[in-house]
Amino acid sequence: DEFVMLLSAVGRAQDALAVAEKVRSALEQPFDLEGQVVHISASVGVALFPQHGDSERALSPSAAAALCLATAVGATRACRAAPRGSARSRDSAPPGR
């Protein structure tokens, strides 16, 4: 599954990555589903306004590209999109950070 989370008061890219890592970590906590303990993993792609796009339509592909990179480099991590015009995502937060 995929979902979007919009943060209105993020001062720095590192702050957005920290929030993404907290969400990712929370999703990975075991939970009970009808008597079965379930474990899931999560990857997060982060795109920032206006660095990665100036509209929802522009931000979505940037976040999706960062998500693909996060999945490719180790699944359970958060990655920030590359600046507009770049081919690769820039920063990543390793698990447990």
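A: This is a predicted model. Its largest pocket has a volume of about 1200 Å³.

Q: How many residues line the largest pocket, and which lie nearest its centre?
A: The lining has 36 residues. Nearest the centre are Phe3, Val4, Met5, Gly45 and Ala63.

Q: Which elements give two or more residues to that lining?
A: Those are α1 (13-27), β3 (44-46) and α2 (56-72). The largest share comes from α2, with seven residues.

Q: And what is the lining like by class?
A: There are 24 nonpolar residues, eight polar and four charged.

Q: Switching to α2. How far does α2 reach from its first C-alpha to its last?
A: α2 reaches 24 Å with 17 residues. That is close to the 24 Å expected at 1.5 Å a residue.

Q: Which residues of α2 are buried?
A: Leu59, Ser62, Ala66, Leu69 and Ala70 are buried, meaning each has under 20% relative accessible area.

Q: Why do they count as being on the same side of α2?
A: Because they cover an arc of only 100° around the axis, they sit on the same side of α2.

Q: What is exposed on the other side of α2?
A: Glu56, Arg57, Cys68 and Ala72 are exposed there.

Q: Back to the buried ones. What do the buried residues of α2 pack against?
A: They pack against β3 and β4 (78-80). Of these strands, β3 also gives residues to the lining of the largest pocket.

Key: Residues are numbered from 1 along each chain as its sequence is written. This is a predicted model: local features need pLDDT of at least 70, side-chain atom pairs count only at pLDDT 80 or more; totals for chains, interfaces and linings use all residues. Side-chain values use heavy atoms; hydrogens and water are left out. On a 1 Å grid over the protein atoms alone, a cavity is a set of points where a 1.4 Å probe fits but cannot get out, and a pocket is an open set with protein on both sides within 12 Å along at least five of seven lines; lining residues have an atom within 4 Å of a point. Grid points are joined across faces, edges and corners, and a volume is the space filled by probe spheres set on the points. Helices (H or I, at least four residues) and strands (E, at least two) are DSSP runs, numbered from the N terminus. Ala, Val, Leu, Ile, Met, Phe, Trp, Tyr, Cys and Pro count as nonpolar, Asp, Glu, Lys and Arg as charged, and the others, Gly among them, as polar. The expected span of a helix is 1.5 Å times one less than its number of residues. Buried means under 20% relative accessible area, exposed over 50%, partly exposed in between (1.4 Å probe, protein chains only). The arc is that of the directions from the helix axis to the C-beta atoms. Contact means heavy atoms within 4.5 Å.
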